[in-house]
Amino acid sequence: MLFLSYFIMNWYALYTKPRNEKKVAERLFQLGIEVYCPLVITTKKWSDRYKKVEVPLLPSYVFVRLAAADRSLVFQVPGIVQYVYWLGAPAVILPHEIAALKDQLAQPVVQVQIANLKPNDAVSIEDGAFKGEMATVKQITANRITLILQSLNLLLTIDR
């Protein structure tokens, strides 16, 4: 079975130099490697104008799908620092996790209703990628709310 797993294509996370995600993804694609760099559109303010720009959802990370034997090929591309490791080996991301990320980004933005919340309140997420998860309100500001997802021990920031 070890021999067969050598050729199975897995998704891996790569850590990149800051602000190199799109360039790295493009160069990996040119090498024929399946790559996914989730992007979102956000509004940035310059001194004279506002502009909508496409930025990585996960700064300094891209995902690649390749066989374990081909993992070293990615280091031909400048801007890659290393694989993301879990328990001493490159972390394998399950295909349904990548599919869920793609599906969530394809859906329209969900409007969030925030009423009478205060820090340390427990909330249940009723829609989106984290539907059914329990969270604790960490912080509320004029522009955003920060939640702690209990099951994932993850901070989630929502812009108002």
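A: A67 lies in strand β5, where strands are DSSP runs of E with at least two residues, helices are runs of H or I with at least four, and both are numbered from the N terminus. The model is a predicted one, in which local features need pLDDT of at least 70 and side-chain atom pairs count only at pLDDT 80 or more, while totals for chains, interfaces and linings use all residues. Residues are numbered from 1 along each chain as its sequence is written, and side-chain values use heavy atoms, with hydrogens and water left out.

A67 has a relative accessibility of 5% and counts as buried (buried is under 20% relative accessible area, exposed is over 50%, and partly exposed is in between, with a 1.4 Å probe and protein chains only). The C-alpha of A67 is 6.2 Å from that of N10, although 57 residues separate the two in sequence.

Strand β5 covers residues 61-67 and includes R65. R65 is partly exposed, at 29% relative accessible area. R65 forms a salt bridge with E34, with 3.2 Å between the closest N and O atoms (a salt bridge is a side-chain nitrogen of Lys or Arg within 4 Å of a carboxyl oxygen of Asp or Glu).

The structure holds three salt bridges. One of them joins R49 to D48, whose closest N and O atoms are 3.1 Å apart. R49 is partly exposed at 40%, whereas D48 is exposed at 61%. D121 also forms a salt bridge, with K118, at 3.9 Å between the closest N and O atoms. K118 counts as exposed, at 51% relative accessibility.

An α-helix has 3.6 residues a turn, so residues three or four places apart point the same way.

E21 lies in α2, which spans residues 21-30. E21 is buried yet has no salt bridge; R19, the nearest side chain of opposite charge, is 7.3 Å away (Lys and Arg count as positive, Asp and Glu as negative, and His and the chain ends are not counted). A polar atom of the E21 side chain lies 2.5 Å from the backbone nitrogen of S60. Leaving out residues up to four places away in sequence, E21 touches T16, C37, P56, P59, S60, Y61 and V62, where contact means heavy atoms within 4.5 Å. Just after α2, G32 takes a positive phi of about 90 degrees.

As for the setting, the protein has three helices and 13 strands. Of its 160 residues, 27% count as buried. Among contacts with a separation of 6 or more, 51% are between residues 24 or more positions apart.

Conventions: A polar contact is a pair of N or O atoms within 3.5 Å; within protein, one must be able to donate a hydrogen and the other to accept it, and residues adjacent in sequence count only if both atoms are side-chain atoms.
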